[in-house]
Amino acid sequence: MTTRRDFLQKLSIGIGAVTLLPTSSKASIFSIPSGNEKKLRVALMGLGGYANIVAKAMKTCKRAVLTGIVTGTPSKIPVWKSNYGIADKNIYSYETLHTIADNSDIDVVYITTPNSLHYKHVLQVAATGKHIICEKPLADNAQQAGEMIAACKKAGVKFFVGYRLHFQPHTREIIRMREAGEFGKIMHVNNYMGFKIGDPSQWRLKKGLAGGGAMMDVGIYALNGARYATGEEPLWVTAQETKTDPVKFAEVDETITFQLGFPSGAIASCGTTYNFNNYERFYLIGDKGFAELSPAFGYGPIKGRTHLGKMPQQDVIHQAAQMDGLADCILKDTPDPNMTGEEGLKDMIVIDAVYESIRRGSEKIYLPAQTTL
Ligand code: NAD
C-alpha cells in the first residue's frame, strides 16, 4: 500500500532539481511594438487541430511569426506552405528535427503533439538549443515535468507552457482584482470544465498518448483557475471519479470531481468531464466580492461579471495574445512565472495527487509547500 509519505517522497525525487517560485501575475507581458522590433520566429511541431488554430491566430500577431513546421505527415506540407509561406528549408520531419539547431530562421519550437509525447519532444528540442513552448498538460506526471524543466535549464533554453488564458483580458482582470484585494479574503472557488467527447478511437481516450482523460485535458483549466483565483498552491487534495461508460473510458477518466484546500483556508470545489456539455464556469467568492466567468476556459468569447457588474473587457484571439505575450517574454528575456514550465509543473503535481486520491478511495492527499520543494 502506498502511504502519504511515499507519495511525497516520490514527488520530491521526481522534481528534485526544480525550484518552484511563487506564482505572480505582476510581470509585464504586453508591450507596444514600435513596428521595426524583432519578431519571435516560431516553428509548430505536430500539425493537428490545435496547431492549425495557433497558426491562423499568429497571422494577426504583431510580435510573433510562423516560420517553420515539424511534421510526420508529408501530405500536409503543401497546404501549410501555401497558407503560411513556409520556406522549404524550414520544414522538418521528426527524423530531421535535430538539424533545426542550425536554422537561424527559428527561435522557438511550439510543441502541439499529443500529451504523452510532450516529454520526449521537449527533450529532443531542448537538445537542439531552440526555445520551447509546450502545450498543456505539460507531461504525463510531475516527475516528467520536472525532468523536462531540468533538461531545458541544462541546455540553456527557455521553456514555456501554452496557458493561453493567462493572456486573456477577463482572466487577467480577475487576477489583478484579486491581487489588489478587491474580492477581500478568498473563501471559495467553484470551477468546472468539460465536454462530451466524440470519436471513441481518438488518442484522447488512449492512456498511452493522453496520459489520462478529462482531468488531464480540460480539468487542468479548472485546477489552474483555482490556483490563479487564490494565488496560492493547494495544501491538500481529495478527488472522486465516476464512470458511466467503462468501455469508451476503459483507459482514461471520464468524470472527476476534486477539492483543494489552500493555506489561507480557501477551498476549491472543481469538476471535469468527457461525458456532457455546457460544463464550463469559473466562480470565485471572497468576503468582499465575487467574480464569475461563463464561458470561462474555452476559446471564447469569455463573458464575466463581478460584484461591480458586467465585466467590460473585450475578448481577444487567445492564441494571438499568447504568442505576442510570449514573444515579449522570450525576446526581452522577461519570463513571466505564470507561463514557464514551472507553472505547468505545479498543475502536474496537483493532478498526480488527484489521481492518487482516487486510487486511495478519495483519501485526502497532503502536498508539501510548493515554494520550498
Ligand atoms: P490533434 O490530434 O488534432 O493533433 C495532434 C498532432 O500530433 C497531429 O498532427 C498528429 O499527426 C501529430 N502526432 C505526432 N505524433 C503522433 C502520434 N504518435 N500519435 C498521434 N498523433 C501524433 O490534437 P490537438 O487537439 O491538436 O492536441 C494537441 C495538443 O494540444 C494536446 O496536448 C492538447 O492538450 C493541446 N491542446 C491545447 C489547447 C489549448 O487551448 N491550449 C486546445 C487543444 C489542444
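**Close-up 1. The largest pocket of the predicted model**. Of its 29 lining residues, Tyr50, Lys136, Arg204, Asp217 and Tyr299 are the closest to the centre. On a 1 Å grid over the protein atoms alone, a pocket is an open set of points with protein on both sides within 12 Å along at least five of seven lines, and lining residues have an atom within 4 Å of a point. Points are joined across faces, edges and corners, and a volume is the space filled by probe spheres set on them.

**Close-up 2. Elements and domains around the largest pocket**. At least two lining residues come from each of helix H2 (49–58), strand S7 (186–194), helix H8 (214–230) and strand S11 (279–286); H2 gives the largest share, 4 residues. Helices (H or I, at least four residues) and strands (E, at least two) are DSSP runs numbered from the N terminus. Domain 1 (24–164) and domain 2 (169–315 + 340–366) each contribute at least three residues to the lining, with bounds from an automatic or database domain assignment.

**Close-up 3. The largest cavity**. The structure holds 2 cavities of 30 Å³ or more, a cavity being a set of points where a 1.4 Å probe fits but cannot get out. The largest has about 60 Å³ of space and is lined by Tyr163, Arg164, Leu165, His166, Ile220, Tyr221, Asn224, Tyr228 and Phe297.

Residues are numbered from 1 along each chain as its sequence is written. In this predicted model, local features need pLDDT of at least 70, side-chain atom pairs count only at pLDDT 80 or more, totals for chains, interfaces and linings use all residues, and side-chain values use heavy atoms, with hydrogens and water left out.
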